[in-house]
Amino acid sequence: MAALKDVAIIGYAQARNERQAQATEVQFLFPVINEALEMSKIPRREIGFTCAGSCDYLSGQTFAFVMNLEAVGAWPPISESHVEMDGAWALYEAWVRLQHEDIDTALVFGSGKSSPGNPAEIYPLQMDPYTLTPLGFDPVSSAAIQARALLDAGKVTERQMAEIAARSRRDAMKNPYAQVTGEFDVDELLAQPYVTAPLRKHDLPPISDGACAVVLATGDKAREVCERPAWIRGIDHRIEAHQPGMRDLTTSRSTRLAGEAAGVGSAPIEVAELSATFTHQEPILREALGLGDQVAINPSGGALSANPVMAVGLARIAEAAKQIVEGGRRRTLGHATSGMCLQQNLVCVLEGEQ
Amino acid sequence: MTDTAGNATTTSGDEPVTMMEYFMQLEYSDVVSAPVMRFRDALMDARLIAQQCPKCKLVYVPPKGYCPIDTVELDERNEIQLADRGVVTNYTVVTPVQYYGQKETEPFVRASILLDPPGGMLILQDVLDIPVAEVRAGMRVEAVWAPKGERDVDEIGNRSGSALEGSLRGFRPTGEPDMPAEAFSDKVW
């Protein structure tokens, strides 16, 4: 859907991603929200709407999403909402809320502490309880099926996948929030054994504890507090069948449709931050969004260098916004995904003013 | 009915229902946060510590690392020592039902204790050395610590709140005169 009312990203912050944070989710969320608000120059009490994305299953704590509000400052009571989704969908809800005339600012955040649990046990529980959950259909196994389909179709090679990992880790060296960074030789990566064939360790995202917060403002308010706001020019999300056997895993129809609706192709994109949590998903997303070689992909290192589940998609949008606000870019894109094998996808097109 | 290949199929409502059982469990392993680690260390020393917000002066016990009212981060610099005596502000008499895992057999009390200045509220505390029927709001109490060699804080983590039985057994009456309700009515939990 094309943007109806001008809404911009005017503040953002992320936690430094860790394999296992000693801090609780609220504790590491706390400075992230403070930092994003500080950057936005919007006084906390003036925020019109707050929306969070998180999942209690990750840390195994009932009502963890309510506790997270302690990091916001919810007394006296505030207007807030929560999605059991990546924070990118919380941003979508806030963007919809801002289409109303009564408020002009919103705070969005996503957070996840994955380290206490075992993703291979937790994630199958979101699948079909009769045919997929009992199989232990976990993210790595499902991604391996997708990668196999892609390799068999000749759409990618294992070498190209390793090159994506090496590039992401190298780019991540400049990202203070990244977790897996460094120079890696592609041949050495390819000499490593499979974790789940055809995926090697470098094809997988790390397990991360992390958070991201974003502040939104409408038209004049955004211009008043921010020198170069990152305007949301289009945002859309689409979902495909839950059962992965019912769709072609080598393409992403939902990403293509979301991209078209968000207006990706109407002008050149300079930078795209994609939630490709497995190496082979990057070419699927590039194809679905029509991103050519001239587009810089994941200069932050992307989801392969840090994968704070429930925050990683919002972090992509924050990184895409940063390219405009701090990097002076004209037009960028942030992408978020949810579910197994890119089941659901959100595309957000951002623009700076000339 | 038949399908397109001519094979017999069942009609709606006649399908055999297959039942399946799926047992699962999720295991989580939490790391104790820095403020709670300090709280545990103090309990081993028969001391209660808390963090006090420099703005609103609210006392957080166990310490949580921040004040959610003022949204300020708190650390060791905001740490205070608490009194280990105070007043019962509220209580419940629990009549145990013998569900699986229930260890109690007789009615018992869980009380909220407002500690003496600088304050701090401990909830769900046992009240010892007094018949259940005689427990009352306003009653002055003092901590009953487990003997040094028996103190155990293994159960205390980020999520255990006021469950301190391994080190702080509960509170017992001091025999001092009861406090009037006005003295604590704004702090009843």
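This is a predicted model: local features need pLDDT of at least 70, side-chain atom pairs count only at pLDDT 80 or more; totals for chains, interfaces and linings use all residues.
Chain A comprises 13 helices and twelve strands. Along the principal axes, its C-alpha atoms occupy a box of roughly 55 × 45 × 40 Å. The radius of gyration of chain A is 19 Å, which agrees with the value near 20 Å that would apply to a compact globule of 354 residues. Of these 354 residues, 59% are classed as buried, and among the contacts in chain A with a separation of 6 or more, 79% are made by residues 24 or more positions apart.

An open sheet of ten strands, with mixed pairing, runs through chain A in the order E3-E2-E4-E7-E1-E8-E12-E11-E9-E10. Its edges are formed by strand E3 (80-83) and strand E10 (296-297) of chain A, each of which pairs on one side only.

With strand E7 (residues 209-218) of chain A, E1(A) pairs in the antiparallel sense over seven bridges, and Ile9(A) has Leu216(A) as its bridge partner in E7(A). The pairing of E1(A) with strand E8 (residues 230-239) of chain A is likewise antiparallel and extends over two bridges, with Ala8(A) placed opposite Trp231(A) of E8(A).

Strand E11 (residues 331-338) and strand E12 (residues 344-351) of chain A run antiparallel and are joined by eight bridges, and Leu333(A) stands opposite Val349(A) in E12(A). Helix H10 (residues 253-262) of chain A lies across E8 and E12 of chain A, and its direction makes an angle of about 30° with E12(A).

The contact between the two chains involves 18 residues of chain B and 23 residues of chain A. On the side of chain B that touches chain A, the residues comprise nine nonpolar, five polar and four charged ones.

Notes: Residues are numbered from 1 along each chain as its sequence is written. Chains are lettered from A and ligands numbered from 1 in the order in which they are written. Helices (H or I, at least four residues) and strands (E, at least two) are DSSP runs, numbered from the N terminus. The radius of gyration is taken over C-alpha atoms; the globule rule is 2.2 Å times the number of residues to the power 0.38. A residue is buried if 20 or more other C-beta atoms lie within 10 Å of its own, exposed if 12 or fewer, and partly exposed in between; C-beta atoms are placed from the backbone. Two residues are in contact if their C-beta atoms, placed from the backbone, lie within 7 Å. Ala, Val, Leu, Ile, Met, Phe, Trp, Tyr, Cys and Pro count as nonpolar, Asp, Glu, Lys and Arg as charged, and the others, Gly among them, as polar. Two strands pair if DSSP finds at least two bridges between them. Axes are lines fitted to C-alpha atoms, for helices over the stretch in contact, and angles run from 0 to 180 degrees between N-to-C directions.
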